[in-house]
Amino acid sequence: MATRKKVLLKVIILGDSGVGKTSLMNQYVNRKFSNQYKATIGADFLTKEVTVDDRLVTMQIWDTAGQERFQSLGVAFYRGADCCVLVFDVTVPRSFESLEAWRDEFLIQASPRDPEHFPFVVLGNKVDLKDNRAITENRAKSWCDEKGNIPYFETSAKEATKVETAFLTIARAALQQEKDEDIYHDFKDAVNLDDVPDKKQDGCGC
Amino acid sequence: MQTPELQAFEVHPIVQWRSVPFHIQSVELNGTDLLVGTSQGQLLVYDLPEGSVGAVPSLRLTKKDFLKTSRKPPISQLLAVPELNILLCLADTYVHVHDLTTFTSLYTIERSKGTLLFAADLHVRGMPQADTHRLSETRSTLPVDRLTLQLCCIVKRRFFVFEVGRDEAKHIKDQPLPDTPQTAVWCGRKLFFGFKREYDQVEIETGRVVEVPTESTGSFDRLAVRLPNNTFALTAERDGRPVVIFKDIEGKPLTSYGIQWEDWPRAIDVYGPYILGVTDKGIEVRFNDETSKLMQLIHLDSPQFLVHGHTILAASPSALWQLHPVPYDQQIDSLLDVNRFVDAKKIEAAMPGTPEERMKRRYNMDKAHAYYEFNRKKHFKVALDLLKGIEVSPATVLRLYPWLLPKHTPAEGVPGAPQLTPQQKQEAIAALILYLTEKRTQLYKFDSKAEAPDEADKRKKLMSIVDTTLLICYVRTGSSLLRSFVRVNNHCDISESEKVLKSADKLEELVLLYQNRGLHRQALELLRSNINKTTPDPKTMDEEECKAMAQRRAKWMHAMISHLQNLKPEHVGLVVEYSSTILDIDEKQGLGIFMSKDFPNVKTFPRVPIMQHLQEHYPHLLTQYLEFVVTEWNDTSREIHTALALSYLNAVLKMKKTPPLSSPERQRLYRFLRTSDHIDASLIMRRVASAGDVLVEERAVLLGQLNRHAEALRILANDVADPSFAEDYCNDNYDPHDLDRRNLYMVLLEHYLRPASGPPKTQQALTILGKHSDKVNALKALDMLPLDTKISEIEDFLMAILTEREHTRRAVAVQANLAKTEQLQVSERRIAIHSKHFKVTEDSLCFECRKPIRTHAFAIYPCGTLVHLHCMENESTCPRHSTRGRCRLTLN
Ligand SMILES: Nc1nc2c(ncn2[C@@H]2O[C@H](COP(=O)(O)OP(=O)(O)OP(=O)(O)O)[C@@H](O)[C@H]2O)c(=O)[nH]1
Ligand SMILES: [Mg+2]
Ligand SMILES: [Zn+2]
Ligand SMILES: [Zn+2]
């Protein structure tokens, strides 16, 4: 293929309610932060164009509801994701302990072809609340290491700490994942062609 | 190219001229009248009854004098306009107007001289939106009195527009054109013209010319045809190849694709899902969609054009054919016979019917298609997507996988269950995984509130089937998702899953599944059996093997330990029972199960059962455990403290010879007895007493705890050499407000000064008097002293009394002042506490439900976390800091 096709990366953000998923996305895409809490219902996405290693890509960032009663996502939503971002609140131990469950849920629903190498990124958010911190950086890091060296960032959506860096890593991981998928599909199509002899051979053969 | 096998149309030759000196030039179908214009100026009228198929029409009338000229020019165009009961006819470069019933000439439009071709359309005066044309379905409802027939005649590079009536034709306008058009068609109040190199649209009223873009630059036969619903078909080219594209009345494209042809068609028509095109080869019948798939090629000898009335006709110079559409269901059946499902479904989509009928037709076709894709083509994903689309039950889908689920062998047979290669099986499983994960999401998201109980049962059963199968799929593909799957909320059938996981040696996953479902005993039993199985045996294994085995065992042990430590207090029975497995291998790790600070549940385990367990089976570990809970977790229960005292005591009693009090064993016993307030003293006392006359000091302490001070002091005064014990005892137990304890010093003095046997111990008595003058009755004490006591000997005592009295007086004064100040401080603090407040604003949210607190009753934890009272789950643990960390006061 001569032309580079336009890349759209699908990124999904998961985590307990109130950890700051919506805030992180808003900070990254719109550079805005609000102290107000408004529960996300269902899921919604924002897009952002970024340059990753000299390549312009469009990131479609899906924000989801942390509250169970607002979750209405089907498998189709998870499928085709290129990266999954797990967020917890460093001041709320419970939100850290939920990471495992979020990860399991994602893997089952998305059924990625190569689950062991599917890219996750973990964000410990609200690090600006230093006095209330309950989960140490070490503890979070060691969990991430255990799960196959998941990149970990300590962020604050409020003070825009590490948000840009974290999302750049997310974009890069997603792009890599997308490429891997592409290779897989090209390979698969090549095999399939022989399989379907009644497929038209004409058309532009360039 | 593939030969189309389908018969979409039956073809019947109905008119065939062999040895006739003229040929067919034009054809028109008006109701049941079939009008044929010949190359020699005659009009032939046949009867073609509706519903007749393939029958030769009878010739009703031959009008030789149709044209009022002797030159016999060919009749090149015919158009019936039943609304005005007229027939338009192009011959000799004039447009002639005839009566449609009698076919007699009404008049000739003189100004049409030179016409090459014409296009006509009915307009509704003053209602452009109601304009119509020959094929319109709305034809019968037109307001006849307002209809006007618009005629456009092409005369070289010019067009003329007339308004045609029964008596005369009014010239409306004429306008030059860039070239001579090859085709012309009305579109509303505009005209489409096709030239050699382009299409133009001309607005009649203004004369404005706009090019209609078709991305075609070459020169070819341009053709514009008006189809139903104001759609226009134009010939065009794509990459130099012939196509037909579709435009709306404004000339805007209607589809992104074009219908591809082998050659540019010279006539076009549409019928149902098909588009028909006349080419040199005959008539091509293609799907009218982006595939342009050729469905039937009707070989005819030089067909020229099509006529569409109550039936479809094709015409050549010497023949007329009827194209009779084969009923759709027959077409579908013949396609299904050769497994052309996609084609069949396209035809089905064109069939009429109620939604229910269509759904039923669709269901059967998709199902058959799915089986074909699965069994024959091995396109597993395509097959499952089809079955998903028609919402076939998962149980039915699973019947496609008899080799995966031996238990669910197809009861109702699945047609042609195939033999799959291992590679194909993997692909089939991969497709199934996608299907099942989608199904389970649907099932889990289902709103169970609106469900009848039996429905709910059915759904649960289905969930169990789906999840169990999914588990099997993960096992069969060796997917690492298995580990995640057993941890998420699932309905896997336990006994089935057990079998599958065990036979695949996925024991860790089985443990996780048990754990997930709260089947702790099963989980622990499995862990235990694995620990046992991985016991290194130096007799049968070499050193390396032993080491490897020990490593594997360590992993299982670790799993068991953390499982136990995560259990809830009510499962302490299990904790105790299974701790033995670990304790028997490694006492340190085993004991660690009960003494971990990392797992919050451990601290909440009931301790008595653990203590009893250790006492019974691991008595040597008991002391360590008890010491830990008493010192680290500040246990204050009577059972634990008594047990600890007993274990200290037993350690002492076990020794051959009673050690001195200074020995470490006695020291820790003595000290614990002295400091603990939670010991069952009489029980310990009995044990001590049963040991005989030893442990005097301990006995005294215990007597003290039992409030038997007189006995205690008798022992201390008489049997203990070191007087400091007696004094310590008094110090420990003295209480001026307790009737039993306030005269301990006096009792001791009495023992010293008036012993039951032996000489009085005046010296000891004087020491006590000197130190504790404030705790004795001075007069009584003096009275007890022997008469020969010298004043100098009691000088200390007397001085002490005096000083003490003086001191007390002053101390009371100071105390009075201090009390006053304290009272002030307390009331100040009270005011401060009362004025402490926490603001609940509009933005204050309940941490549990995340809704605003508003005016609901609420609770606040020390750290400031707010919850609604009705949302509060646990008064003593704040939800923010639930399991770890402490909840600290941060508000002022
Ligand atoms: N101090 C501080 N507050 C934050 C930060 N990020 C988010 N918040 C606040 O935390 C609250 C919840 O943030 P959201 O982004 O709405 O949380 P969410 O994860 O999207 O929650 P759901 O939509 O319910 O799943 C809001 O009041 C935010 O203002 C942060 O980095 N620091
Ligand atoms: Mg949100
Ligand atoms: Zn609440
Ligand atoms: Zn708290």
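Visitor: What share of the 892 residues of chain B count as buried?

Guide: That's 46%. Keep in mind that this is a predicted model.

Visitor: Let's move to the two chains together. How many residues of chain A are in contact with chain B?

Guide: 34 residues of chain A are in contact with 33 residues of chain B. The chains bury about 2700 Å² between them, and 48% of that is on carbon and sulfur atoms. In chain A, Arg79(A), Arg94(A) and Ile108(A) lose the most area to chain B, together 22% of what that side buries.

Visitor: Why is the meeting of Arg79(A) and Glu438(B) called a salt bridge?

Guide: Their side chains come to 2.5 Å, N to O. The cut-off is 4 Å between a side-chain nitrogen of Lys or Arg and a carboxyl oxygen of Asp or Glu, so this Arg and Glu pair qualifies. The count between chain A and chain B is three salt bridges, and there are ten residue pairs in polar contact.

Visitor: Which helix of chain A gives the largest share of the side that touches chain B?

Guide: Helix 4 of chain A, with seven residues.

Visitor: What makes up that side of chain A, by residue type?

Guide: Nine nonpolar, eleven polar and 14 charged residues. Arg counts as charged, so Arg79(A) belongs with the charged ones.

Definitions and conventions. Residues numbered from 1 in each chain as written. Chains lettered and ligands numbered in written order. Predicted model: local features only at pLDDT ≥ 70, side-chain atom pairs only at ≥ 80, totals over all residues. Heavy atoms only, no water. Contact = heavy atoms within 4.5 Å. Buried area = accessible area lost by both parts, 1.4 Å probe. Polar contact = N/O pair within 3.5 Å; in protein donor to acceptor, adjacent residues only side chain to side chain. Helix = DSSP H or I, 4+ residues; strand = E, 2+ residues; numbered from the N terminus. Buried < 20%, exposed > 50% of the residue type's maximum accessible area, 1.4 Å probe, protein only.
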